[in-house]
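Please open the model in your viewer and keep the sequence panel beside it.

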Amino acid sequence: MASSAGHLRPGRYLAFFALIVIVLYALVFLTGNHKPTPKLGIDLQGGTRVTLTARTPDGGQPTRESLNQARQIIERRVNGIGVSGTEVLLDGNNVVITVPGEQGDQAKNLGKTAKLGFRKVVANATQPVVPPQTAPPATTPPTSGAPKSSTPPSSGAPSTTSGAPTTTKSGGGGAPGSALAQQQTTTPAAPSSSTPPPTSAPAPAPSDGSVDAETAKEIQAAKALRQNPQLIGADGTANQELVAKAMASLTCAPNAKDPLEGNDDPKLPLVACGDHDTYKYLLEPEFLPGTEIADANSSYNTQNGQWVVNLSFKSAGTKTWADFTSKNVGQQAAFVLDTQVVSAPNIQVAILDGNTQITGKFTQSEAKDLSDILKYGSLPLSFASSDATTVSATLGLASLQAGLIAGGIGLLVVFIYCLFYYRLLGVLTILSLALSGSLVYAVLVLLGRWIGYTLDLAGIAGLIIAIGITADSFVIYFERLKDEIREGRTFRSAVPRGWVRARRTILASDAVSFLAAAILYVIAVGDVQGFAFTLGMSTVLDLVVVYLVTHPLVAMVSTSKNAFLSNPRHLGLGAVQQLGSQRKKAASVGRANVKEA
């Protein structure tokens with residue numbers, strides 16, 4: 001038998017709901033250093049969405065494993081540079097990066113740092129391509145497989161065997177003049193960089209990851225000149241004629257297209273530009289891949305008042321690096337990022353433990369840029385930026401206003417309908433919707449702080465649809481009350497019986513809505529996930545409001561001694577109560593007639 005409204009104790013339910021609201025808003029206003037507003041997506045506050053298309057050197061389809069690895073590395077880069085609210089997703093052969101706010105330019109660089117490797121410098125454009133025969137010979141590490149080189153260090157770079165850092169650095173990260181030394185134990189470590197490394201734009205590629213015929217021809221022509229195996233002879237000296245042709249074919253200029261970018265062969269020599277387009281280098285085959293780097297950060301050396309870059313390697317990389325530096329003291333090691341030399345420091349001493357310090361007259365920004373390249377520079381695939389969409393803050397504000405207007409219109413229509421059809425019960429509906437909105441708002445703010453959730457237009461659409469789901473729960477309850485009253489019961493007795501029957505339907509309806517939202521969230525990506533998330537969250541909060549607010553308020557009205565509140569006509573129940581009375585009277589007359597018969 002259904003419990004009576006008096007046994008419900010609605011005050012306890014309302015007090016518990018009030019406690020939930022107080023706790024939520026205490027967390028909103030008293031925790032964190034953020035504004036008490038939800039985080040907004042790029043379509044509401046402005047921002048950038050970058051689509052990076054994966055490509056392989058042979059033009060084939062990238063494997064799912066390599067794509068997942070690349071996505072994870074890009075996510076680590078995002079975390080490392082401090083970009084908040086960023087989303088990294090896979091869409092076929094594309095990696096989609098979404099960055100809210102004004103940090104979009106950083107997102108455009110995240111996929112450009114594709115392949116990092118270490119090569120020995122044989123010559124550069126500022127020195128003779130054929131080294132003097134009087135120079136002392138030097139051998140490359142056994143892991144490189146490269147021929148011996150007799151190239152002395154560049155004239156612009158000091159050569160020293162002391163462990164102290166040098167104070168000389170030429171212009172640009174790719175220029176000779178920086179130095180490598182054993183890392184000083186007294187050097188304080190600084191946090192990792194928060195600025196992405198500047199790189200040149202990658203060569204374009206079709207969106208399906210393949211290389212078109214014209215691009216393939218450009219790549220082959222560039223390889224024939226700049227990765228000719230005969231650029232370096234068996235004795236380690238440069239072939240003057242071939243190197244001159246290769247350097248003449250190479251244009252070193254800002255944003256210049258390089259067909260070999262992301263398509264070079266690490267097992268062959270390479271003619272490449274420096275980062276600041278000042279030098280052209282002849283490099284031996286790669287002897288150490290960038291994936292062997294364990295960590296890199298920039299710090300300020302208080303001993304000589306300079307910014308330095310601290311670098312460490314994994315176990316296998318440490319051994320290779322120790323062999324190379326031991327046999328090439330006084331020579332240059334080039335850090336090559338997508339066929340571009342980002343730094344070419346001199347080796348001062350043999351570095352046996354892998355803890356390396358790169359010194360030079362770095363600015364703080366240059367040191368951070370170089371540490372970023374070394375730490376986050378190696379991806380298993382090359383990427384081309386096939387699409388970059390930027391939404392201005394003005395357009396985002398207009399979209400937000402449009403979403404709020406749409407939501408306001410939806411609420412207004414629901415309010416008018418409830419007031420017209422349910423009257424005082426409609427007022428309870430409006431109050432319940434307002435309290436539900438307060439819950440949703442607080443939860444959105446906290447989710448933005450705790451898990452970085454960003455509200456976008458699709459999420460607002462989910463909230464607008466949730467208004468209908470919440471109102472539908474009230475309609476189910478009120479219509480069940482009407483059914484009970486039609487059967488001849490009073491409003492007070494109809495409330496508990498109607499609730500017992502209505503809550504089953506409400507639970508079933510909300511369960512279906514939540515299940516649909518959960519499935520959509522799991523199988524969808526991007527904006528559709530935002531829609532599904534807000535829809536599912538609002539559905540759960542709808543149950544909280546119906547159980548803790550709407551039903552207790554209706555129960556309080558049904559037991560009220562106030563004539564105005566308990567009047568069925570003021571509750572929109574006058575017609576059904578009249579019908580119920582007529583049915584009850586007819587049933588009584590029928591029973592009386594049966595007794596007379």
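Which residues of the largest nonpolar core touch the most other members? Before selecting them, note that this is a predicted model, in which local features need pLDDT of at least 70 and side-chain atom pairs count only at pLDDT 80 or more, while totals for chains, interfaces and linings use all residues. Residues are numbered from 1 along each chain as its sequence is written, and side-chain values use heavy atoms, with hydrogens and water left out.

**The largest core**

Select Tyr477, Phe478, Phe491, Met537 and Val554, which touch the most other members among the 50 residues of this core. A nonpolar core here is a set of buried Ala, Val, Leu, Ile, Met, Phe, Trp, Tyr and Cys residues joined through side-chain atoms within 4.5 Å, and buried means under 20% relative accessible area, exposed over 50% and partly exposed in between, with a 1.4 Å probe and protein chains only. At least two residues of this core come from each of α1 (10-30), α9, α10, α11 (457-486), α12 and α13 (527-558); helices (H or I, at least four residues) and strands (E, at least two) are DSSP runs, numbered from the N terminus. The largest share, 11 residues, is supplied by α10.

Now centre the view on Tyr477, whose contacts (heavy atoms within 4.5 Å) include Val495, Trp499, Ile506, His551 and Val554, when residues up to four places away in sequence are not counted. A second, separate core has 25 residues, among them Trp307, Phe313, Val349 and Ala367.

**Along α10**

Next select residues 424-450, which make up α10. Of its 27 residues, 19 are buried, so this helix is largely enclosed by the rest of the structure. The end C-alpha atoms of α10 are 39 Å apart, which agrees with the 39 Å that its 27 residues should span at 1.5 Å a residue, where the expected span is 1.5 Å times one less than the number of residues.

In the loop between α9 (393-422) and α10 you will find Arg423, which has a positive phi of about 60° although it is not a glycine. Most residues other than glycine have a negative phi. With a relative accessible area of 45%, Arg423 is partly exposed. After α10 comes Gly452, whose phi is also positive, near 75°.

Move to Ser538 in helix α13, which counts as buried at 4% relative accessibility. Leaving out residues up to four places away in sequence, Ser538 touches Val440, Leu463 and Ala466.

Then find Ala296 in strand β9 (residues 293-301), which is buried, with a relative accessible area of 0%. If you also select Gln357, the C-alpha atoms of Ala296 and Gln357 are 9.7 Å apart in space, although the two residues are 61 apart in sequence.

**A patch on the surface**

Together with Leu515, Ile519, Tyr521 and Ile523, Val522 forms a nonpolar patch on the surface, with about 540 Å² of accessible area together.

**The whole protein**

Finally, zoom out to the protein, which has 15 helices and 14 strands. Buried residues make up 50% of its 597 residues. Among contacts with a separation of 6 or more, 78% are between residues 24 or more positions apart.

Terms used: Patches are made of residues with over 30% relative accessible area and no salt bridge: like charges are joined within 9 Å, nonpolar side chains (Val, Leu, Ile, Met, Phe, Trp, Tyr) within 5 Å. Accessible areas come from the Shrake-Rupley method with a 1.4 Å probe; for residues, only the protein chains shown count as cover. A salt bridge is a side-chain nitrogen of Lys or Arg within 4 Å of a carboxyl oxygen of Asp or Glu.
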